[in-house]
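Welcome! Let's get to know this structure through a few questions and answers.

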Amino acid sequence: MEVSSRQYLDTADLTFFGLKHDPFEDPHIPVDVWMGGALPAIENTFFLALERREIVILCGDAGAGKSILTRRFCGIAPSRRKSFRLIAPASIDRSKITSTALAVAVVRDLTGKDTSSRSPEERGHILRTTLEEQDRMGALPVLVIDEGHLLSNGALLAIKQVWDSHILFRKLAVLIIGQVPLALRLRTDPAIQEVTGRSRIITLPKLAQDEVKSYLAWRFARVGEKAEAVFDESAYRALAVKGEYPLWIGNCAIAAMK
């Protein structure tokens with residue numbers, strides 16, 4: 001795979017190809033996402049897993065589309081299931097996430113209450129009663145954590161502890177998004193095997209040649225243009241080899257046009 005810096009089409013490039021708009025501009029709304037290849041099946045799998053209150057770990061190489069797929073999930077979740085309540089920890093440093101920080105985040109996002117000054121016993125009780133109340137109301141809280149490859153083993157264990165805080169029935173689903181090293185660590189590090197054994201790991205695949213063609217066709221159709229006016233079949237084959245994932249395919253396509 002060829003990794004290139006972010007590329008942009010300028011006015012002269014658009015004029016040369018007879019384009020009124022740049023087909024490679026980033027989407028501005030969650031539903032404006034290419035959903036070709038294996039993505040619909042993957043999205044359906046993690047929706048069903050979250051509805052079952054599982055821990056879902058979505059992994060992929062840089063540029064594979066993890067962040068865009070997550071933004072789409074957050075955008076369409078209320079229409080897919082109105083009971084989804086999305087929760088996100090505020091800590092930017094993912095390696096410093098603790099069970100205390102997660103408990104505070106869950107209660108804060110679900111009720112607006114700050115429990116950071118409470119004792120561990122009080123905080124744990126408030127967390128449990130909050131999740132029970134959400135369950136009685138028909139809500140399904142989903143803890144969403146991106147940059148999951150930066151999570152320490154302690155943070156991963158903390159997530160599992162909060163997820164498993166109810167003895168009989170779990171009241172919380174978890175979605176962790178990270179790069180491929182996270183999946184590798186989960187499968188090889190015995191220190192976090194209790195997390196691995198309770199997680200559904202989904203890895204985003206590389207794009208096949210026909211999917212590259214579909215992806216570029218979607219890109220150009222968004223701005224009312226046709227990709228075949230710019231690329232021929234040999235270009236799709238070359239881009240499938242050089243890019244492998246949407247981000248890099250887009251950058252290589254722009255570089256080729258320029």
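Q: How much space lies in the largest pocket?
A: This is a predicted model, where local features need pLDDT of at least 70, side-chain atom pairs count only at pLDDT 80 or more, and totals for chains, interfaces and linings use all residues. Residues are numbered from 1 along each chain as its sequence is written, and side-chain values use heavy atoms, leaving out hydrogens and water. A pocket here is an open set of points on a 1 Å grid over the protein atoms alone where a 1.4 Å probe fits, with protein on both sides within 12 Å along at least five of seven lines; lining residues have an atom within 4 Å of a point. Taking volume as the space filled by probe spheres set on the points, the largest pocket holds about 700 Å³.

Q: Which element gives the most to the lining of the largest pocket?
A: The lining has 36 residues, with G63, G65, I68, R71 and L247 nearest the pocket's centre. Elements are DSSP runs numbered from the N terminus: helices (H or I, at least four residues) and strands (E, at least two). With six residues, the top contributor is α3.

Q: At what angle do the axes of helix α2 and helix α3 cross?
A: Axes are lines fitted to C-alpha atoms, for helices over the stretch in contact, and angles run from 0 to 180 degrees between N-to-C directions. The axes of α2 (residues 39-51) and α3 (residues 66-80) come within 12 Å and cross at roughly 55°.

Q: What is the volume of the second largest pocket?
A: Among the residues lining this pocket are S99, H125 and Q161. Helix α5 gives the most to that lining, with six residues. The volume is about 220 Å³.
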